[in-house]
Amino acid sequence: QGRLVESGGGLAQPGGSLRLSCVASGFTFFSRYDMKWYRQAPGKEHELVGTIRILDGTTTYADSVKGRFTISRDYAKNTMYLQMTSLKPEDTAVYHCNAVRDEYGINYWGQGTQVTVSS
């Protein structure tokens, strides 16, 4: 059974940076997964922040974070990262990582980590 654990959240000032980590354990063929970062702010819909294909590192980003956030992975450590820069108050949310293999209907979620951007 796969498990995802996020870390790295906290309080940052506007314009600051944070790096989130998502460690995957218990995965078979980790390289075959697509992994995603989502976020949900109070009173708002769950938003897809970005994705990464573990096999080749291909990434996609939501328009709201493009140019400010970077998703990467360390295959040897079964870890995905979300580097967040130029943070804005509207980036405040609980950030979740997600791992999927659509061909097998596999879908794992982490417990989430709180990011608060405030002066």
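The 13 positive and 11 negative charges of the protein have mean positions that lie 4 Å apart. This value, like the others below, was computed from a predicted model.

The overall build comes next. The protein has eleven strands and zero helices, and read along the sequence its pattern is β-β-β-β-β-β-β-β-β-β-β. The radius of gyration is 14 Å, close to the 14 Å that the globule rule gives for 119 residues, so the protein is as compact as a globular protein of that length. Along the principal axes, the C-alpha trace spans about 45 × 25 × 25 Å.

The surface and the interior can be described in turn. The accessible surface of the protein comes to about 6,400 Å², and 47% of that area belongs to carbon and sulfur atoms. Of the 119 residues, 43% count as buried. Contacts also link parts of the chain that are separated in sequence: among those between residues at least 6 apart, 51% join residues at least 24 apart.

Which residues have the most contacts inside the largest nonpolar core? They are Leu 4, Met 35, Trp 37, Leu 82, Met 84 and Tyr 95, in a core of 30 residues. Several strands give two or more residues to this core, among them S3, strand S4 (34-40), strand S8 (79-84) and strand S9 (93-101). Met 35 shows what such a residue touches. Ser 25 counts as partly exposed because its relative accessibility is 34%, which lies between the limits of 20% and 50%.

Ser 21 is in contact with Val 5, Glu 6, Ser 7, Trp 37, Thr 79, Met 80 and Tyr 81. Ser 25 is in contact with Gln 1, Gly 2 and Arg 3. Ser 25 also shows how the fold brings separated positions together: Asn 78 is 53 residues away from Ser 25 in sequence, and their C-alpha atoms are 7.2 Å apart in space.

Key
Residues numbered from 1 in each chain as written. Predicted model: local features only at pLDDT ≥ 70, side-chain atom pairs only at ≥ 80, totals over all residues. Heavy atoms only, no water. Buried < 20%, exposed > 50% of the residue type's maximum accessible area, 1.4 Å probe, protein only. Contact = heavy atoms within 4.5 Å. Helix = DSSP H or I, 4+ residues; strand = E, 2+ residues; numbered from the N terminus. Rg over C-alpha atoms; globule rule 2.2 N^0.38 Å. Areas by Shrake-Rupley, 256 points an atom, 1.4 Å probe, with all protein chains shown as cover. Lys, Arg positive; Asp, Glu negative; His and termini not counted. Charge placed at Lys NZ, Arg CZ, Asp CG, Glu CD. Core = buried A, V, L, I, M, F, W, Y, C linked by side-chain atoms within 4.5 Å. Lists of a residue's contacts leave out its neighbours within four places in sequence.
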